[in-house]
Amino acid sequence: MTREEVLQFEEMNFNAWPALKTVHYDGWLLRSAGGATRRPNSVNCVQPSTIGLEQKIAAAEALYARWGRRMIFRLTPLADAGLDALLEQRGYTIEEPTLAQIADVDRYPTDDVHVFTNADGVWIAAASSIRGLSEDEAEVFAAQHRAVAVESVWVVIHMNDRPVGVGVAAIERGWAGLHGIYVAKDVRRQGVARKLSEALLGLSYARGARRAWLQVAQANAAALPLYQKLGFRTAYGYHHRIRQG
């Protein structure tokens, strides 16, 4: 992909999964949302640096220390040349290599799912229960989803009157960004994730989306075959560098 295309995807990623704090610093976005998720709690390179990388890293480390957050860099193809090697020299290790994938959107059935146009209390409660979140984690989770400003659809699947699967699609620029797809452990490998994904794509198609994107960990052996069957192919990859200790 071209740099401009990657930048568009990254902008849509930031909109779909917003941080609760963001500092813009010489082409970097320093994001924090709380919780354990890496994407909204990391340094993201957007534009080339004009300040020396050593100085920028030190400034980022100081800010995250003040926030009380661990230090994470998310390194996409937009990252400054030499940054990855410099972070390795400073003791940052690689975690969770991830693939950004794209597909065409088609009409899919949207039956048997409960659809929400915002992250209301019912959806939040269902998602928190399925994920097994603590009270504090659920508060962060709710705040993040309620901070989404682009058009989105939230879905829940029930079995025996119990919520067992949730997911979200953020819709903008003719694209649907699928994220937050999660299935209860006791009903996995029963087609729930596929039904969620197809419903999100079908609902997005009805709202004008004709292409879709998502991000999936390279090690997610369960999700990758599913997304391949739905037509997703890798556009680019990225990884995190995390300072230990």
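Biologist: Which residue with a positive phi follows H6?
Modeller: Gly208 comes after H6, and its phi is near 100°. Helices (H or I, at least four residues) and strands (E, at least two) are DSSP runs, numbered from the N terminus.

Biologist: What sort of model is this?
Modeller: It is a predicted model, in which local features need pLDDT of at least 70 and side-chain atom pairs count only at pLDDT 80 or more, while totals for chains, interfaces and linings use all residues. Residues are numbered from 1 along each chain as its sequence is written, and side-chain values use heavy atoms, with hydrogens and water left out.

Biologist: Back to H6. How many of its residues are buried?
Modeller: 11 of the 15 are buried, so H6 is largely enclosed by the rest of the structure. Buried means under 20% relative accessible area, exposed means over 50%, and partly exposed is in between (1.4 Å probe, protein chains only). Among the buried residues of H6 are Val192, Leu196, Glu198, Leu200 and Tyr205.

Biologist: What covers them?
Modeller: The cover includes strands E6 (114–116), E7, E8 (162–172), E9 (175–183) and E10 (211–217), and also helix H7 (223–229).

Biologist: What span should H6 have, and what does the model give?
Modeller: At 1.5 Å a residue, the 15 residues should span 21 Å, and the end C-alpha atoms are 21 Å apart, which agrees. The expected span is 1.5 Å times one less than the number of residues.

Biologist: Which residues touch the most others in the largest nonpolar core?
Modeller: Trp123, Leu178, Tyr227 and Phe232 do, in a core of 63 residues. Helix H6 (residues 192–206) gives the most to this core, with 7 residues. A nonpolar core here is a set of buried Ala, Val, Leu, Ile, Met, Phe, Trp, Tyr and Cys residues joined through side-chain atoms within 4.5 Å.

Biologist: And what is Leu178 in contact with?
Modeller: Leaving aside neighbours within four places in sequence, the contacts of Leu178 include Val168, Ser197, Leu200, Leu201 and Trp213. Contact means heavy atoms within 4.5 Å. Another core lies apart from the largest one; it has 17 residues, among them Ala60, Trp67, Phe73 and Leu75.

Biologist: Changing topic: how many aromatic pairs are there?
Modeller: A search of the whole structure finds 8. In one of them, the ring centres of Trp123 and Trp154 are 6.4 Å apart and the planes are at 75°, so the pair is edge-to-face. Rings of Phe, Tyr and Trp (its six-membered ring) pair if their centres lie within 6.5 Å; planes under 30 degrees apart count as stacked, over 60 as edge-to-face and the rest as tilted.

Biologist: Where in the chain do Trp123 and Trp154 sit?
Modeller: Trp123 is in helix H4 (residues 121–131) and Trp154 is in strand E7 (residues 152–159), so the pair links distant parts of the chain, 31 residues apart. Trp123 is buried at 0% relative accessibility, and Trp154 is buried at 4%.

Biologist: What about Tyr227 and Phe232: stacked or edge-to-face?
Modeller: Their planes are at 70° and their centres 5.8 Å apart, so that pair is edge-to-face. Both residues are buried.

Biologist: Which ring does Arg210 lie over?
Modeller: Arg210 lies over the face of Tyr205, at 3.6 Å from the ring centre. The charged end of Arg188 sits over the ring of Tyr182, 5.3 Å from its centre. The test is NZ of Lys or CZ of Arg within 6 Å of the ring centre and within 35 degrees of the ring normal.

Biologist: How does E7 pair with E8?
Modeller: E7 and E8 are antiparallel, over 8 bridges. Two strands pair if DSSP finds at least two bridges between them. Val156 stands opposite Val166 in E8. The hairpin has 2 residues between the strands, and Asn160 in it takes a positive phi near 50°. E7 also runs antiparallel to E6, joined by 3 bridges, and Phe116 stands opposite Trp154.

Biologist: Last one. Which residues of E2 are on each side?
Modeller: Trp28, Leu30 and Ser32 are on one side, Leu29 and Arg31 on the other, and all are buried. E2 pairs antiparallel with strand E1 (residues 21–25) over 5 bridges, and with strand E3 (residues 43–45) over 3 bridges. Leu29 has Asn44 in E3 as its bridge partner. Asn44 is also among the residues touched by Glu10, which lies in helix H1 (residues 3–16) and is buried at 3%.
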